[in-house]
Each structure stands twice: as C-alpha cells, then as structure tokens.
Amino acid sequence: RADNSQLQSRVAALEAGEGGEEGGRRVRQRVGAAPHDAPPSDAEVLEMDVEAAAAVLRAHVSVSRVAAAACKRLANLCMEDQNEQL
C-alpha cells in the first residue's frame, strides 16, 4: 500500500508539472548563446573589460575561438598592475 501511495503521489506531481517536468515530459534547456547571437570577433574581445569578457565567455562557451580569446583577455587583465575592475 505504501508503494502504491508513493506512485500515486509521483503521478500527481508529474501531472501538475512539478519535478522539473511539464505534463510528464522533459524540458530541454539550451546551453550557451542563442542561435541568433553572433559571437564577437577576437579584436572585439581584446578590447573588453573584465565584466564584458566574463559575460562573453559565459554566453559563447561552446565556441572555442571566443572562449580562448575571452580567457586570454581575462588573464591579461588580471596580470595588469593595479587592475581594480570588478
């Protein structure tokens, strides 16, 4: 009886859209930038401040060229003397 009660509770939760699912169907989450968001050029990345470079890295992590350029830019910014960007 306890197993049956647990199953009924789970079915009710799935029908209500709980547990990260909608109507019992899994919902995909997109990772990275949307298809319409073009990645910036390497030259653009080299001119960015810390906040912008970190945002580009998060948004375009799946684009190796951009990820490498953003990491290089962040490393360069961290190496600069007296860099106080937050």
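Helix α3 (residues 50-59) and helix α4 (residues 64-79) pack with their axes 9 Å apart and at an angle of about 155°. That puts α3 roughly antiparallel to α4, a label given to angles over 145 degrees, while those under 35 count as roughly parallel, 65 to 115 as roughly perpendicular and the rest as oblique. This is a predicted model, so local features need pLDDT of at least 70 and side-chain atom pairs count only at pLDDT 80 or more, whereas totals for chains, interfaces and linings use all residues. Residues are numbered from 1 along each chain as its sequence is written, and side-chain values use heavy atoms, with hydrogens and water left out.

**How the two helices meet**

- The axes here are lines fitted to C-alpha atoms, for helices over the stretch in contact, and angles run from 0 to 180 degrees between N-to-C directions.
- On the α3 side, V50, A53, A54, V56 and L57 meet V66, A67, A70, C71, R73, L74 and L77 of α4; contact means heavy atoms within 4.5 Å.
- Sort the residues of that contact by type and you get 11 nonpolar, no polar and one charged. For that count, Ala, Val, Leu, Ile, Met, Phe, Trp, Tyr, Cys and Pro are nonpolar, Asp, Glu, Lys and Arg are charged, and the others, Gly among them, are polar.

**Residues to look at in α4**

- R73 sits in helix α4 and counts as buried because its relative accessibility is 15%; buried means under 20% relative accessible area, exposed over 50%, and partly exposed in between (1.4 Å probe, protein chains only).
- Not counting residues up to four places away in sequence, R73 touches V45, L46, E47, M48, A53 and E80.
- A67 is in helix α4 too, and with a relative accessible area of 14% A67 is buried.
- Leaving aside neighbours within four places in sequence, A67 is in contact with L57, H60 and V61.
- A67 and L57 are 10 residues apart in sequence, and their C-alpha atoms are 5.4 Å apart in space.

**Out in a loop**

- A38 lies in the loop between β2 (25-26) and α2, and A38 counts as exposed, at 64% relative accessibility.
- From A38 to H60 is 22 residues in sequence and 9.0 Å in space, C-alpha to C-alpha.

**The chain as a whole**

- The protein chain has four helices and two strands, in the order α-β-β-α-α-α along the sequence. Helices (H or I, at least four residues) and strands (E, at least two) are DSSP runs, numbered from the N terminus.
- Of the 86 residues of the protein chain, 19% count as buried.
- Among contacts in the protein chain with a separation of 6 or more, 43% come from residues 24 or more positions apart.

- The protein chain averages a pLDDT of 79, and 67% of the residues score at least 70; pLDDT is the predictor's confidence in each residue, from 0 to 100.
- Confidence is highest in helix α2 (residues 42-46), at 94, and lowest in strand β1 (residues 21-22), at a mean of 48.
- Where pLDDT is low, the predicted coordinates should not be read in detail.
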